[in-house]
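Student: I'd like to learn how to read charged pairs and greasy surface patches in a model. Could you walk me through one?

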Amino acid sequence: TLGAIIVALIVIIAILAVKWQSNENESVAELQRNLTELENKLEALSQSNVASKNENFGNSQTIAELKQNLTNVTRELGRYKAVNDDLKTVTTGHSHLLNSIENKSNVLEQTLQANFNQV
C-alpha cells in the first residue's frame with residue numbers, strides 16, 4: 001500500500017505539473033496576445049501621430065500662405081488708396097479749373113452782352 005500511495009502521489013504530482021504547465025502556457029499565450037494588441041495600438045497611435053503632424057504641417061503652410069496673401073492684398077490696397085487719393089486731387093483740380101473756366105465764361109458773356117448792348 002505504501003507503493004500505491006507513492007504511485008498515487010506521483011500521479012497527482014504529474015497531473016498538477018501538467019495543469020501548471022497548461023496554465024503557464026495559457027498565461028504566456030495571453031501575454032503574447034496582450035503584447036500583440038499593445039503593439040498594434042502603438043502602431044495605430046504612431047500612424048495617427050504622423051497623420052496629425054502632416055496635417056499640422058499642411059495647416060502651417062496654409063497659414064503662411066494666407067499671411068502672405070494678406071500682406072500682398074494689404075500692399076495692393078495701399079497702392080489703390082494712393083491712386084484714389086491722386087484721383088481725388090486731380091478731380092479737385094479739375095473742379096477748380098472748371099469753376100474758373102465757368103467764371104471766365106460768365107465774365108466773357110457779360111462783356112459780350114455789354115458790348116452788344118452798346119452797339
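**Charged pairs and a nonpolar patch**

Tutor: Start with Lys 41 and Glu 37, whose side chains meet in a salt bridge, 3.3 Å from N to O. By salt bridge I mean a side-chain nitrogen of Lys or Arg within 4 Å of a carboxyl oxygen of Asp or Glu. Keep in mind that this is a predicted model, where local features need pLDDT of at least 70 and side-chain atom pairs count only at pLDDT 80 or more, while totals for chains, interfaces and linings use all residues. Residues are numbered from 1 along each chain as its sequence is written, and side-chain values use heavy atoms, with hydrogens and water left out.

Student: Where do Lys 41 and Glu 37 sit relative to each other?

Tutor: They're four residues apart in helix 1 (residues 2-118), so about one helical turn separates them. Helices here are DSSP runs of H or I, at least four residues, numbered from the N terminus.

Student: And how exposed is Lys 41?

Tutor: Sort residues by relative accessible area: buried is under 20%, exposed is over 50%, and partly exposed is in between (1.4 Å probe, protein chains only). Lys 41 comes out partly exposed at 47%, and Glu 37 is partly exposed too, at 41%.

Student: How many salt bridges does this rule give?

Tutor: Three. One of them joins Glu 76 to Arg 79, with the closest N and O atoms 2.4 Å apart. Those two lie three residues apart in helix 1, about one turn. Glu 76 is partly exposed at 31%, and Arg 79 is partly exposed at 47%.

Student: Which residue pairs with Lys 81?

Tutor: Asp 85, and the closest N and O atoms are 3.3 Å apart. Lys 81 and Asp 85 are four residues apart in helix 1, which means about one helical turn lies between them. Lys 81 counts as exposed at 52%, whereas Asp 85 is partly exposed at 32%.

Student: Now the greasy part. Which residues make the nonpolar surface patch?

Tutor: For a nonpolar patch, take residues with over 30% relative accessible area and no salt bridge, then join nonpolar side chains (Val, Leu, Ile, Met, Phe, Trp, Tyr) within 5 Å. Here Leu 2, Ile 5, Ile 6, Leu 9, Ile 10, Ile 12, Ile 13 and Leu 16 make a patch of about 810 Å². Accessible areas come from the Shrake-Rupley method.

Student: Is Ile 6 buried, exposed or partly exposed?

Tutor: Partly exposed, at 43% relative accessibility. You'll find Ile 6 in helix 1.

How values were computed: Patches are made of residues with over 30% relative accessible area and no salt bridge: like charges are joined within 9 Å, nonpolar side chains (Val, Leu, Ile, Met, Phe, Trp, Tyr) within 5 Å. Accessible areas come from the Shrake-Rupley method with a 1.4 Å probe; for residues, only the protein chains shown count as cover.
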